[in-house]
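Work through the exercises below with the coordinates open. Each task is followed by a stepwise solution.

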Amino acid sequence: MVATEPTPEILAAFEAAKGFMPVKEGLALYAAAAGAAELGLPLLEVGTYCGRSTILLADVARAAGTVAVTVDHHRGSEEQQPGWEYHDASVVDPEVGVMDTLPTFRRTLRKAGLEDHVIAVVGRSPQVAKVWAGQLGFVFVDGGHTDEHATADYEGWAPKVAPGGTLVIHDVFPNPEDGGQAPYRIYLRAIGSGDFEEVSVTDSLRVLRRLSPS
């Protein structure tokens with residue numbers, strides 16, 4: 001059985017990594033991944049950025065004897081582009097003038113000693129989902145926050161969650177004043193489909209379990 005909390009060393013690596021997920025949500029993500037890892041299937045996240053949450057999933061994968069897969073084009077989501085609130089000029093490639101978070105992500109994993117437990121897929125989520133044939137024990141949706149991107153992530157990956165597996169959606173804000181509504185809408189869609197039941201709520205993190213076919 002995988003521990004449901006990270007060690008102090010892993011938590012410290014998570015906190016030191018560039019990214020936006022608060023510790024409380026990170027701990028909930030870790031616990032959800034640990035439970036899902038008992039299925040023995042890969043753990044997948046959509047939206048890598050610089051690897052903050054990847055550290056947690058990779059540590060769970062290491063303990064469970066499986067692998068964490070992380071999917072991102074590494075050019076940044078909408079709100080991370082120049083002129084927007086979450087832009088970070090330090091991850092802009094000076095040669096081509098666009099964001100490239102891949103080098104930072106790789107350094108993050110190396111510092112945490114977790115490179116061997118992660119498969120990094122560089123590409124756009126819908127394209128990767130189309131060629132992914134197997135089932136997944138865990139899917140964490142934390143990619144683009146427009147309706148177009150969130151919907152594509154949900155439609156591409158939710159069907160690949162195995163019965164008893166876990167779907168986690170980040171940045172779910174029922175109140176429009178707190179944040180964008182696209183993740184909230186795919187959360188409602190998941191619940192409304194009858195395929196998933198809610199397991200836990202931690203701030204903006206929603207943990208759902210895929211029901212077994214009747």
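**Exercise 1.** Sort the lining of the second largest pocket by residue class: how many residues are nonpolar, polar and charged?

*Solution.* Start with the list. In this predicted model, the lining consists of Ala 13, Ala 16, Ala 17, Lys 18, Ile 55, Thr 104, Arg 107, Thr 108, Lys 111 and Ala 112. Next, assign classes. The tally is 5 nonpolar, 2 polar and 3 charged residues.

**Exercise 2.** Find which helix gives the most to the lining of the second largest pocket, and state the volume of this pocket.

*Solution.* Look for elements that supply at least two lining residues: these are α1 (8-16) and α4 (102-112). Now pick the main contributor. α4 gives the most, with 5 residues. Finish with the volume: the second largest pocket holds about 170 Å³ of space.

**Exercise 3.** Asp 171 has a positive phi. Locate this residue and decide: is Asp 171 buried or exposed?

*Solution.* First, the angle: phi of Asp 171 is near 60°. Second, the place: Asp 171 sits in the loop between β7 (161-169) and α7 (182-192). Third, the accessibility. The relative accessible area of Asp 171 is 16%. Buried means under 20%, so Asp 171 is buried.

**Exercise 4.** Repeat the analysis for Asp 203: what is its phi, and where does Asp 203 lie?

*Solution.* Phi of Asp 203 is near 55°, positive in a non-glycine residue. Asp 203 belongs to the loop between β8 (196-202) and β9 (205-210). Its relative accessible area is 46%.

Definitions and conventions
Residues numbered from 1 in each chain as written. Predicted model: local features only at pLDDT ≥ 70, side-chain atom pairs only at ≥ 80, totals over all residues. Heavy atoms only, no water. 1 Å grid on protein atoms, 1.4 Å probe; cavity = no way out; pocket = protein on both sides within 12 Å on 5 of 7 lines; lining within 4 Å. Points joined across faces, edges and corners; volume = space filled by probe spheres on them. Helix = DSSP H or I, 4+ residues; strand = E, 2+ residues; numbered from the N terminus. Nonpolar A, V, L, I, M, F, W, Y, C, P; charged D, E, K, R; others polar. Buried < 20%, exposed > 50% of the residue type's maximum accessible area, 1.4 Å probe, protein only.
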